[in-house]
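Me: I've got a protein open here and want a quick walk through it. Can we go step by step?

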Amino acid sequence: MDYNDQLFAQLLYIFQASAMQGMGKITNPVTNTIERNMEQAKQSIDMLEMLKEKTKGNLSPEISRLLDSSLSDLRLNYVDEVNKN
């Protein structure tokens with residue numbers, strides 16, 4: 001994985017962590033509490049979907065799989081959380 005792939009992977013992890021935090025799946029590192037904000041979660045997922053669309057055909061196979069896997073996992077978790085209400 002080259003340097004740009006590493007940077008892109010870090011960007012994906014930032015959005016993934018933001019979405020998981022918004023769904024209340026992980027702790028907010030600043031407040032050290034679980035905070036649920038489904039709008040934040042949805043926006044983070046939407047940002048990843050936009051990145052996927054805008055970078056289509058320009059990602060390495062490894063990063064493309066990472067992005068697809070992240071989106072799939074986040075969507076499933078999002079639906080699960082929405083259905084809890």
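This is a predicted model: local features need pLDDT of at least 70, side-chain atom pairs count only at pLDDT 80 or more; totals for chains, interfaces and linings use all residues.

Me: OK. With that cut-off, what share of the residues counts as buried?
Reply: 31% of the 85 residues in the protein.

Me: And how many helices and strands are there?
Reply: Three helices and zero strands. Along the sequence the pattern reads α-α-α.

Me: What are the spans along the principal axes?
Reply: The C-alpha trace covers about 40 × 25 × 15 Å.

Me: How about accessible surface?
Reply: About 5,500 Å² for the protein. Carbon and sulfur atoms make up 53% of that.

Me: Charges next. How many positive and negative side chains?
Reply: The protein has 9 positive and 12 negative ones. The centres of the two sets are 5 Å apart.

Me: Now packing. What share of the contacts comes from residues 24 or more positions apart?
Reply: 61%, counting contacts in the protein with a separation of 6 or more.

Me: Let's look at a helix pair. What should I read off for two packed helices? 
Reply: Two numbers: the angle between the axes and the distance between them.

Me: Fine. How do the axes of H1 and H3 sit?
Reply: H1 is residues 3–22 and H3 is residues 61–83. Their axes come within 11 Å and cross at roughly 0°. An angle under 35 degrees counts as roughly parallel, so H1 is roughly parallel to H3.

Me: Which residues of H1 and H3 meet?
Reply: From H1, they are Asp5, Phe8, Ala9, Leu12, Tyr13, Gln16, Ala19 and Met20. From H3, they are Ile63, Leu66, Leu67, Ser70, Asp73, Leu74 and Asn77.

Me: What is glutamine 16 in contact with?
Reply: Leu48, Ser70, Asp73 and Leu74, leaving aside neighbours within four places in sequence.

Me: Which residues does glutamine 21 contact?
Reply: Ile26, Thr27, Asn28, Pro29, Glu35 and Gln40, with neighbours within four places in sequence left out.

Me: Switching to the start of the chain. Where is methionine 1?
Reply: In the segment before H1. Methionine 1 touches Gln6, Glu62 and Ile63, not counting residues up to four places away in sequence. Serine 60 is 59 residues from methionine 1 along the chain, and their C-alpha atoms are 8.7 Å apart.

Me: And the loop between H1 and H2? What's phi for asparagine 32?
Reply: Near 60°. That is a positive value in a residue other than glycine. Asparagine 32 sits in the loop between H1 and helix H2, which is 38–54.

Me: Is asparagine 32 buried or exposed?
Reply: Exposed, because its relative accessibility is 63%.

Me: What about threonine 31?
Reply: Threonine 31 is in the loop between H1 and H2. At 40% relative accessibility, threonine 31 counts as partly exposed.

Me: How far is threonine 31 from lysine 84?
Reply: 24 Å, C-alpha to C-alpha. In sequence, threonine 31 and lysine 84 are 53 residues apart.

Me: Last one. Where is aspartate 80?
Reply: In helix H3. Aspartate 80 is partly exposed, because its relative accessible area is 37%. Glutamate 39 is 41 residues from aspartate 80 in sequence, and 15 Å away C-alpha to C-alpha.

How values were computed:
Residues are numbered from 1 along each chain as its sequence is written. Side-chain values use heavy atoms; hydrogens and water are left out. Helices (H or I, at least four residues) and strands (E, at least two) are DSSP runs, numbered from the N terminus. Buried means under 20% relative accessible area, exposed over 50%, partly exposed in between (1.4 Å probe, protein chains only). Contact means heavy atoms within 4.5 Å. Accessible areas come from the Shrake-Rupley method with a 1.4 Å probe; for residues, only the protein chains shown count as cover. Lys and Arg count as positive and Asp and Glu as negative; His and the chain ends are not counted. The place of a charge is taken as NZ of Lys, CZ of Arg, CG of Asp or CD of Glu. Axes are lines fitted to C-alpha atoms, for helices over the stretch in contact, and angles run from 0 to 180 degrees between N-to-C directions. Angles under 35 degrees count as roughly parallel, over 145 as roughly antiparallel, 65 to 115 as roughly perpendicular and the rest as oblique.
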